[in-house]
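Notebook open. I want to look up a few things here and jot them down as I go.

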Amino acid sequence: MQQVLSTRILRVLACAVASILFSPALVPAQTTPTAPATIPAAPPTYREITDETGRTVRIPQPVHRVVSLAPSLTETIYALGLQDRLVGDTDYCDFPPEAQQKPKVGGAINPSLEAIAALRPDLVLVTSLNRMETVRALEDLGIPSYGTDPHTVGEIISSTERLAEVLGAPEAGSTLAKDLERRLAETQQRIAPLPPRRVLFIVWRDPLISIGKDTFIADALQRAGAISVIDSSQSWPQLSLEEVVHQQPEFLVFAESHSEAAPPDLDALTSLPGWRLLDAVRNRRYALISDAVNRPAPRIVSAIEDLAKQLHPEAFVEKQPGDKEKTDQPNAAPPGSTSSAIPSTRFAAEAPAVIEESACAC
Amino acid sequence: MSSSTQTTAALHNSADASRSGTEIRLSVEQVSYAYSANPSQAPLFTLEANSFQARPGEIVAILGPNACGKSTLLKLVAGVLEPLSGRVLLNGFVTHSLTPRIRAQRIAMVQQESPLLFPSRAWEFVLQGRHAYGRALRFETDDDVAIAKNALAQVGAEHLSDRWMDQISGGEKQRVILARALAQQPLLLLLDEPTLHLDIGAQVDLLDALRRLAAANRYTVVVVTHELNLAAEYADQVVLLQRGKSLRVGPPASVYQRELLEQVFQTPLSVELGSSGRPRVSVLPGT
Amino acid sequence: MRVLTLGRLLLRCGILAVVLFAVMIAALKFGAVRVSLYGLGLDLIHVLLRQTSALSSDYGMIVIDIRLPRILLAVVVGASLSVAGTSFQALLRNPLADPYVLGVSSGAALGAVLALIAEPHLALSPALATLFTPLGAFLGAGAAITAVYFLGRREGQIDSDMLLLVGIITASFLSAIIMFLMTTLAGRDLRGMVFWLMGDLSSSLQPGLRWVLGVGFVLATAAIYTTASDLNLLLSGEKEAMHLGVDVPRVRLVVYIAASLLTGLAVSVSGAIGYVGLLVPHVMRFIFGSDHRVLIPTAAFGGAIAVVIADTLARTVVAPSELPVGAMTALFGAPLFLYLLRRRLA
């Protein structure tokens with residue numbers, strides 16, 4: 001009986017084999033990147049560069065075709081105006097919206113080597129989001145990878161500048177860098193006289209995860225006139241609510257998640273047992289900024305400016321010729337730091353606003 | 001390698017000789033053993049200075065109450081355990097010093113079976129008995145197949161050949177297991193409580209078969225049992241064991257003395273002469 | 001009475017070899033990038049004739065440099081895991097045994113995690129850096145194998161029940177340590193580890209490592225195969241096997257070391273791909289019976305086929321993203337296991 005069964009199964013297998021071999025018609029069409037029709041004929045020259053992770057990389061010159069394996073790098077390339085050279089990016093590269101039209105190579109952690117190779121890039125750009133295995137596999141195929149790893153906002157700017165230089169467009173880099181520095185300096189000027197707000201930046205609510213002190217997000221907070229109450233060497237420390245209650249941050253900062261349709265339900269926080277104990281929750285002292293703060297790209301400066309406005313609104317009142325001098329004076333009376341601030345306009349309709357008397361005399 | 005081939009050859013020759021002759025084949029000489037759970041503790045039980053001998057074609061019954069050391073004595077005979085003192089000789093060779101492979105060619109042990117993990121067919125099962133005769137990575141030869149078929153025939157189980165082992169009755173399984181032992185073409189056939197799970201009819205069938213096979217193939221059979229009457233009926237020699245010591249060795253008539261049996265089994269008994277000429281033991285229920 | 005003969009064995013292996021070949025061709029064809037069967041055939045012929053410059057298209061390089069090594073890796077890993085699973089099921093006399101039950105994969109994972117933690121602090125040459133994680137994994141596996149062996153002995157010999165218990169406990173203990181370490185690792189390493197823990201065939205191997213893997217597979221499988229008829233008898237019971245002439249301590253030792261070696265090698269290069277080592281032996285037993293002289297080679301082929309198919313699915317289902325191979329094997333393996341389990345009970 002067993003022999004009959006085994007012959008039957010073997011016969012089935014044989015049919016399966018035959019159908020596999022003769023079924024190219026059954027292959028579903030994949031959305032695949034296409035290779036270029038021609039390849040540059042001249043043999044490329046090379047340049048040796050040390051990337052931000054300390055690796056020495058041999059990059060062909062000039063760089064025509066680039067694949068980005070992180071959303072922040074895609075944004076940076078668009079910000080530098082070099083998007084014509086971008087031939088492929090990840091599924092998650094969604095800003096600016098045009099980036100979504102670029103050929104996709106998969107996720108950041110699990111990109112398809114084939115898809116990258118089929119695009120014949122001169123250079124692949126990676127960050128700490130990507131795995132070393134991917135970088136090594138690309139090396140084995142003869143495709144160099146350039147890695148960025150900024151830990152502060154200043155490093156983001158210099159990294160952007162260096163990236164432009166690597167791609168052969170140094171002027172774009174220095175122009176962008178100067179503009180970003182200028183905006184940061186302006187913001188800095190406005191909030192310099194004011195004491196920084198003690199905040200908790202919430203990456204995830206349950207479990208409660210914040211950011212560590214060595215991250216660029218922590219640095220961005222500082223640039224926005226805030227300081228994280230969490231002092232941890234881990235990048236994404238998981239916290240207990242008790243500790244946060246002990247610290248009593250003045251503000252809770254949330255990054256808008258573009259994957260969720262509605263803004264986070266912050267009202268609900270007031271009804272949750274532990275959260276109620278936070279002054280920031282009781283007084284609705286929330287700051288909601290765009291998720292650009294999560295990406296080490298030029299757009300983070302916008303998020304910094306936005307956050308600064310929410311945390312120190314008194315420093316950003318509507319500019320009238322006279323006001324500018326007032327805020328420039330280092331001895332301007334600081335607003336009462338103990339009182340609560342006006343919540344963000346985005347959800348002013350929902351939360352009962354606690355309006356405090358503005359100490360600003362304007 | 002050469003010493004084991006010498007041993008095989010010597011055993012082979014002695015096997016042929018001993019099947020026809022009537023010399024002593026099995027000699028258990030002053031064998032003792034001690035077992036303790038812990039090396040530093042005193043031994044839990046001991047076997048002391050047991051001796052008996054057996055010839056081709058004889059059936060020896062090792063008889064005694066539970067936990068008297070019967071199975072241990074059988075294992076010592078099989079060469080699986082090493083005696084503390086004394087020795088067990090099979091055609092002059094110490095059983096314990098044989099390699100497992102050669103031992104399996106000369107001694108077949110029929111134990112209470114463990115449940116089969118992945119059941120096989122009866123013929124596959126019996127063919128396992130030929131394992132000791134082949135090299136690694138070999139396939140069974142026609143000879144092996146013939147011997148296996150013959151073994152099944154000898155126990156009257158040819159009709160079970162294609163059946164699955166987990167789909168036959170207890171008695172049928174016992175016969176197939178015996179066939180496997182026969183397929184080893186042993187000199188010595190050892191059985192540990194083979195009648196435990198069988199009904200009386202099956203018990204008689206099995207022992208009849210053993211007697212027949214011992215005579216036809218000149219096996220020496222050693223059976224461990226606590227069944228007084230079966231032992232009396234079928235054994236040529238009985239070794240009566242109490243707490244590790246053999247109180248008496250000899251034909252049933254000489255061993256089955258009422259006082260002796262009562263002492264060993266700790267219960268009132270009566271011993272008579274049965275219709276077959278062998279002793280028959282009856283129980284005397286307590287009040 | 002249909003006895004196993006060499007002819008029957010070769011026939012079964014031959015059929016499975018053909019199936020494996022067809023599956024490999026299909027795997028070469030499917031992927032994130034389209035490849036035509038005809039072009040593929042030409043490319044393969046060019047490669048065989050060593051005319052690499054004549055490869056027909058850019059895709060030729062993709063297929064030969066990316067897909068082919070990956071498929072070959074899948075073949076060796078799948079075969080290793082299945083043979084190891086078959087061996088452990090026989091050694092431990094337990095149908096639920098898989099290659100990881102004795103803690104080998106947990107040891108390898110711990111070794112890999114420690115290597116990941118240590119690597120940034122050591123200035124390694126690029127060649128050594130690629131080897132570092134697989135090496136750490138293999139050393140971790142070796143440590144687990146040794147520890148379990150010595151703990152699982154009784155009276156100086158491997159005791160199957162003891163071994164199983166010790167192995168399970170060691171596996172959980174090591175997993176707990178791994179989890180502790182993973183919560184203290186930086187974010188990037190964590191993501192990489194998740195992929196490794198689920199099984200990942202995308203890492204490229206250096207030629208030296210490929211040789212080690214291939215030679216190790218052949219040697220270990222050959223060693224196990226020499227005990228194939230002994231394993232048949234072991235399944236009747238260890239005492240019975242001994243009485244039938246099996247040198248049980250020697251067989252146990254050989255099988256334990258060889259099967260652990262197979263598992264350690266496979267896990268070091270591809271992470272812990274689940275269900276293959278558990279299920280493929282059962283499926284092959286269902287089709288071909290439990291004679292290990294047939295079971296071991298057919299399990300090897302079956303495992304290779306299973307992992308190649310799973311890997312092909314993993315890299316085409318959500319192309320161009322890739323899923324971990326272990327997710328695919330679990331997805332199909334778990335329902336299949338339930339089905340087989342219920343059949344046994346029925």
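This is a predicted model: local features need pLDDT of at least 70, side-chain atom pairs count only at pLDDT 80 or more; totals for chains, interfaces and linings use all residues.

Next, aromatics. My search of the whole structure turned up three aromatic pairs over all chains. One I checked is C:Tyr149 with C:Phe150: the ring centres are 5.1 Å apart and the planes sit at 70°, so I put the pair down as edge-to-face, since that label takes planes over 60 degrees apart.

Then I turned to chains B and C. I find 33 residues of chain B in contact with 33 residues of chain C. The area buried between chain B and chain C comes to about 2900 Å², and carbon and sulfur atoms give 62% of that.

How many salt bridges are there between chain B and chain C? I count one. B:Glu140 makes a salt bridge with C:Arg293, with the closest N and O atoms 3.3 Å apart.

Which parts of chain B supply the side that touches chain C? My list has α3 (100–106), β6 (107–110), α4 (122–127) and α5 (142–154), each supplying at least two residues. By type, I sorted the residues on that side of chain B into 18 nonpolar, eight polar and seven charged.

Notes:
Residues are numbered from 1 along each chain as its sequence is written. Chains are lettered from A and ligands numbered from 1 in the order in which they are written. Side-chain values use heavy atoms; hydrogens and water are left out. Contact means heavy atoms within 4.5 Å. Buried area is the accessible area (1.4 Å probe) that two parts lose on being put together, summed over both. A salt bridge is a side-chain nitrogen of Lys or Arg within 4 Å of a carboxyl oxygen of Asp or Glu. Helices (H or I, at least four residues) and strands (E, at least two) are DSSP runs, numbered from the N terminus. Ala, Val, Leu, Ile, Met, Phe, Trp, Tyr, Cys and Pro count as nonpolar, Asp, Glu, Lys and Arg as charged, and the others, Gly among them, as polar. Rings of Phe, Tyr and Trp (its six-membered ring) pair if their centres lie within 6.5 Å; planes under 30 degrees apart count as stacked, over 60 as edge-to-face and the rest as tilted.
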